[in-house]
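Take a moment with the sequence and the 3D view below. Then follow the chain step by step.

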Amino acid sequence: MGYPSDITDEAWAEIAPHLNTKAKTGRPRTVDLRQVFNAIRYKNRTGCQWDMLPEGFPARSTVFDYFQKWSEDGTLIRINDYVRERAREQMGREQEPSIAIIDSQSVKTTEAGGDRGYDAGKKYQGSQAAAHR
């Protein structure tokens with residue numbers, strides 16, 4: 001049974017080499033990394049709790065363990081960077097952007113707060129003190 005969040009065959013072929021596909025020690029891996037990756041995508045897309053992952057995915061604890069491992073060792077960031085670079089290349093752009101735009105948010109404050117400003121886009125009076133720190 002598939003879900004709309006499942007990764008396509010073409011996309012999986014692109015990112016699978018970026019995953020640590022062979023365990024360095026211990027027993028041979030028995031879990032399907034594609035199913036683990038699909039479960040992480042499902043959770044990200046739906047926002048469900050870990051223990052609410054539907055049946056058909058690997059065990060919640062297995063999926064969570066891989067999510068933690070891939071988050072801590074930078075695997076998910078490397079995959080994101082790779083996908084972004086490929087997408088930019090396909091659009092005929094350089095792999096890395098040459099400029100970035102950073103938008104700070106308005107912060108509620110009290111009368112004792114610091115500098116105040118008006119965010120015309122949000123029509124909100126807020127503090128700019130956080131942006132100056």
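Predicted model: local features only at pLDDT ≥ 70, side-chain atom pairs only at ≥ 80, totals over all residues.

Where is Ser5 found? Ser5 sits in the segment before α1 (9-15). Residues are numbered from 1 along each chain as its sequence is written, and side-chain values use heavy atoms, with hydrogens and water left out.

Stay with Ser5. Its relative accessible area is 10%, so Ser5 is buried. Buried means under 20% relative accessible area, exposed means over 50%, and partly exposed lies in between (1.4 Å probe, protein chains only). What is Ser5 in contact with, leaving aside its neighbours within four places in sequence? The partners are Asn38, Arg41, Tyr42 and Arg45. Contact means heavy atoms within 4.5 Å.

Now turn to the core. The largest nonpolar core has 20 residues. Such a core is a set of buried Ala, Val, Leu, Ile, Met, Phe, Trp, Tyr and Cys residues joined through side-chain atoms within 4.5 Å. Trp12, Phe37, Leu53 and Trp70 have the most contacts inside this core. The elements α1, α2 and α3 each give two or more residues to this core. The largest share, six residues, comes from α2. Leaving aside neighbours within four places in sequence, Trp12 touches Ile7, Pro17, Leu19, Leu33, Arg34 and Phe37, all by contact.

Next comes α3. This helix covers residues 60-72, which makes 13 residues. From first C-alpha to last, α3 reaches 18 Å, close to the 18 Å expected at 1.5 Å a residue. The expected span is 1.5 Å times one less than the number of residues. Which residues of α3 are buried? They are Val63, Tyr66 and Trp70. These residues cover an arc of only 65° around the axis, so they lie on the same side of α3. The arc is that of the directions from the helix axis to the C-beta atoms. An α-helix has 3.6 residues a turn, so residues three or four places apart point the same way. The buried residues of α3 pack against α2 (33-46) and α4 (75-90). After α3 comes Gly74, with a positive phi near 85°.

Finally, look at the charges. How many salt bridges does a search of the whole structure find? The search finds six. A salt bridge is a side-chain nitrogen of Lys or Arg within 4 Å of a carboxyl oxygen of Asp or Glu. One of them joins the side chains of Asp9 and Arg34, at 2.8 Å from N to O. Asp9 lies in helix α1 and Arg34 in helix α2, so this pair ties together parts that are 25 residues apart in sequence. Asp9 is exposed, at 52% relative accessible area.

Asp81 pairs with Arg84, with the closest N and O atoms 3.1 Å apart. Both lie in α4, three residues apart, about one turn of the helix. Asp81 is partly exposed, at 28% relative accessibility. Glu89 and Arg86 also meet through their side chains, at 3.8 Å from N to O. Glu14, Arg86 and Glu89 are linked in a network of salt bridges.

Definitions and conventions:
Helix = DSSP H or I, 4+ residues; strand = E, 2+ residues; numbered from the N terminus.
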